[in-house]
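Subject: Structure handover

Hello,

Here is the structure you will be working with. Please look it over first, then read my notes below.

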Amino acid sequence: MKLYSWLSPSAERLSSMADLGLLLLLSSVARAQLTSIPSPNLDLGGLGSIILAGDYEGISLYEYEGQNEDEISTNGSQSVLSRYPNGGFVAVESADAAIRAMCPFTSNGTFHGVIVGGNFTSLGGVPSQGVAIFNPTTSTVEKLVGLSGQVSALLCDGDTVYVGGNFIGLNSTNAIAWVGTAGWTDLPFGGLNGPVTSISKASNGHIIFGGSFTGLGNATAPTLPDLQIINISGGNITSGSSSSTTGFSDPRNIVCKTNGTDEAGSTWLLADNTAGFWEASFRYGFRPTKLRLWNTHQNGRGTKTWRYTALPMNGIMNFTYIDPATKQNTSCASECPLSNDTTIEYQDFHFVNIIGMNEFRIDISAWYGSGGGLDGIELFEDDIFAYAIESFNEPNCTSIELASTSTNTGPWIVTPSQQSISDYLTAKVSDTALTSVTFQPDIKQSGNYTVNIYTPGCIQDDSCATRGRVNITLIMSSDADPVTDVIFQTNNFDKYDQLYFGQIEAGDDTFRASVILSPVAADQSIANYSIVAQRVGFSLMSASVGLNNLLEYDPSQADIDTTELTNSTFTKAGTDLGTSSEVNTLITSGSTTFVGGNFTTDTVNNVFSITGSDITALAGGGLNGAVVDMFLNGSVLYVGGQFTNTSTGGVSGLNNIASYDTSKKSWSALGAGVNGKVNSVVPLSLNVTANVPETVITLTGDFSQIMAFSSNNSQSVTGFAIWVPSKGNWLQNLPGPQWFINGQLTAAVDVPGGATLFAGSVSSSQLLANGAVALTQAGALNSLPVSIQATTSTSSLTKRATSSQNVTGVVTGLFNGTGDQQVIILGGHFTATTTNGSTVNNLIVINNQTGETTGIGLSSDLTILSLAVEGNTLFAGGSDGLITYNLATNTSPTQPPALAGGTIAVNAISVRPDSTDVYVAGSFSDAGALDCPAVCLFSTSLSQWTRPGATLSGDASVMLWASSTTMIVGGSLSISGANASLVSYNSKKQEWTAVGGAASIPGPVVVMTNANDDASSLWVAGTATNGSTFLMKSSGDSWTPVGAGLGAGTVIRGLQLFEVTEDHAKSDLVSSGEVLMISGALVLDNFGNASSALYNGTTFQPFALTTSSSGGGGSLSQSISSQQTTLTNTGGHVKVGYIILIGLAISLGIIFLLVLAGIIAERIRIKRQGYIPAPTSSYDRGAAMSRMPPQQLFGSIGQSRSGIEKQSTLI
């Protein structure tokens, strides 16, 4: 049969898409040097055209180790990605959070690896705070210890890597350098006071930093320092050598006591003439800046000298203080003095070194009078924190007007700190509306602050599987709108996220800044969804030098002259942007640097360029919304963000993505854009229409639709789209076979050797196709000439009613007719676009030769589960019973009386061989007025229902004819009240009987196929009563289960035996010349999810992997072929087709012998009689031959049985 192009071997070009150039990648990326999978050696030649049907949006054949159906990460984690030789993506190292930047690091001319930066706490299982080196040659990760926070921008410049973000490292904040083998190195300006989001190198060699900052260096000290009081009362207080005097022995006497009263219950004393200590330990960490001590004067006693030891590092701290006698600034360490002057209320000691601790001890070494003691103690810090655990906040016993505090609602419990800096709260969320924590800091000074939220790692409390996201709401001033954000809590180790940078109003009686943490409602789908709350920090930032979001740094200068900064064009450009502005992205091309962000002035809006000393607005004054990311491809600048047009208007279609021609200075639309914010623009090499890779543009963001334009309809997406510049269109709109890629791409980097690495979380498939593809006889995939979109089922179908079949996508199908008249009919729950542009639901007809598609008008609520053809009539069964359609006249004839009884579902339809009787199986109890449960017969000649037998009831899932009189049915059935999973029907006797040995089948049979031509051996599958999946084969009355291989959660939807071109090892279950294909949603031991697998009797090998539009794995319902194949009979019997051939040969031999005998007899007669008789009729041999075409004589050879129903093989 001639194959139409979409079923021809020409589709094999898909297997080489993007091969050119990608082969170089594997030589550089060791992890991607993956082993190719041996060919499955399927013999598809005798099956004609083959369709793989199911519920998916992308499909690949299993070709390389490492391919999988793993879901796109939805917990915020991303990976370093490489690509297979066929173009698919593979994760080579995974992080526990986002990867935001990468660059290739070369030191002294040697490539050392790729610097990876982001918001992660581990990469490749290696604990790494925000930054690490990945070596693609050795596939190793090296952590770069020294930073705390997140990295957003990287620039590799020879031996130096410039790093920007929101972090602390050495003596720098937010900007630092990694230099050759020297490691972390402070930049001369000590970093910046706000986050850095982008770094670029200008044409003059200077380094340009962009972000949200207003000054240089570290966070500034508050003008009112040491006013955050550490809550000592919440600690565990102990002492050594305490006095035994009643009322003076308890070390807690001096906590939260600042009135200087010297009396029992308010003073702690040591035993007479004895050294001792006072110690406090806490369930949280802190960095004290000041210690305040009240000395006791009880009966002339008091402390004379003391020392402060920080624990657990066991370090004696240095202090500065004002000597009460000399009024001079003095220092002390191991013997700090305390005055016994009764007129001095207390003394303050300032820590020289600010370090973290969670425990300290005061050792008293000398005393006044009979012994030492204290009358009060307080610790202060500059850090402003609000803790989720209220006892960690500022104490209530002091005179603080607006102490830091927190409140919570919901089922919160305290989780002990193991590796974290403090204990924290955990809630298992049952009601998102009733679970929250509100943090209120003690903000005494208005100013610019950075607000960070700290999240403890999930490994320490084994909660990684249950964590998700949390909503954050910030109220920072009395006259500003709340700021909202969503952050992930799936980090392996402790991390912090920046929530806000900007103005915060000081607290008073009418207003207090607050941060509210609450669950994300959508994440309640996570089993045992839990959230955590620990602390929120507020850092006051300096605002010196007059910077605003842009800094130009000359790396040739060892020191930075702050007075010269204002001479920089970049500094001038930044200061003109105004307050509440930000720079998000920088790109330099030649002498021009493009600056994108969120800003509006009289001359530039959200994007502009700097060339030398010129600051230039782009055409149209820029864009009317924020720019988030940019990518320059030649002279075309691709700009993504949140905008709809230029600032002045006039260019339609600039919805969140636009291109700017830098030479023509003009804007152009990418189609009509997308319907939401674009967060990243990343290039990708892809083979689109020829064996030449080209650069396409990927978009990742918060959008759900590619907008309609010209003759292109809108396309639903999940935050990812691909623009093909050479076609001026989106990949999803292009005709012919195309790749399916979904997920997130956030960065790309070229490494030496021609390879490209990516960052993100991506699911990719060889072919973009919804629900149905062609499998060529050469074993390649090709798309069908039809646009199908799966839809969500709104019917009341239950698992019981539909057996194991999925109820979205393409569920079933068949081939009908031959030659030019052959069509493919597909059914399920979907919408499709026909050749004439109309939209049809749930049933589509495709001409196998011309590719023309037509539909049948069905309700969108239906789900088609089964199909069969008798004569010209199509029988379609599903969620609304049975319908018929005349394929010859394209009309709907009078419908059979409706099926009824409970939840209706027709799961299988089959025409009895050598008849016109149509058998229908499913979940129903009546056919019209006839009592006819589970299986019912519709006579097309009489147009009426008949109950086959009188003893069967239940729900039928699957059936097949073993002969013209014997039918096998599987399901949840009973015969005369006796339960059976598999039954047999004799149409002559009209009797139902249980199949031999079926009692050993552990649950209802929902999938079945014959293991040989006469169906004396069967393969069956289903779900056991204990919930597990079973797969079994019969031999006579004996049933053998398949042992290990299929994991929990497996759903089998299709079974079929295939012949192979090369024999495999012998097994008791599968002939060495065959393999069993299992289709569905499979979970394979030692592999994971797959949509189909091949079983050779001992092992399962994945065959097809699918991807859904949501980013997870899809499923296959079945394979559909236009021809049947013959199978080996058990017991070594000869195949039916060969029996026919042998019989024909014997018949021809006998005829030849008879003719030869006749000729000999005739010659003898002629010799005897001497004449030849005249013809007695005008017999026309040619005319007689024409009355019996050769195909009628030989057409059934090779078929398993003659006159089988006109129904496609369902594989």
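I start with one cysteine. Cys 464 is partly exposed, because its relative accessible area is 30%. Partly exposed lies between two cut-offs: buried means under 20% relative accessible area and exposed means over 50%, using a 1.4 Å probe and protein chains only.

Some ground rules. This is a predicted model; local features need pLDDT of at least 70, side-chain atom pairs count only at pLDDT 80 or more, and totals for chains, interfaces and linings use all residues. Residues are numbered from 1 along each chain as its sequence is written, and side-chain values use heavy atoms, with hydrogens and water left out.

**Disulfides**

The structure has four disulfides. The term covers a pair of cysteine sulfur atoms within 2.5 Å. Cys 464 belongs to one of them. Its partner is Cys 458, and the two sulfur atoms are 2.0 Å apart. Cys 458 is buried, with a relative accessible area of 0%. The torsion about their S-S bond is about 85 degrees, so this disulfide is right-handed.

Another links Cys 332 and Cys 336, with 2.0 Å from S to S. That link is right-handed too, with 95 degrees about the S-S bond. Cys 332 and Cys 336 are both buried.

Then there is the pair Cys 932 and Cys 936, whose sulfur atoms are 2.1 Å apart. The S-S bond shows 120 degrees, and the link is right-handed. Both of these cysteines, Cys 932 and Cys 936, are buried.

**The chain overall**

How many helices and strands does the protein chain have? There are six helices and 90 strands. Both are DSSP runs, numbered from the N terminus: helices are H or I with at least four residues, strands are E with at least two.

The protein chain has 1211 residues, and 55% of them are buried.

Now contacts, meaning heavy atoms within 4.5 Å. Take those with a separation of 6 or more: 60% of them join residues 24 or more positions apart.

Strand β68 (residues 873-878) runs antiparallel to β69, and six bridges join them. Pairing requires that DSSP finds at least two bridges between two strands. Gly 877 sits opposite Leu 882 in β69.

Thr 173 is in strand β13 (residues 172-179). Is Thr 173 buried or exposed? Thr 173 is buried, because its relative accessible area is 9%. A polar atom of its side chain lies 2.8 Å from the backbone oxygen of Leu 192.

Ser 73 is in the loop between β2 (58-61) and β3 (79-83). Ser 73 counts as buried, at 16% relative accessibility. Not counting residues up to four places away in sequence, Ser 73 touches Gln 744 and Ser 761.

Best wishes

Methods: A polar contact is a pair of N or O atoms within 3.5 Å; within protein, one must be able to donate a hydrogen and the other to accept it, and residues adjacent in sequence count only if both atoms are side-chain atoms.
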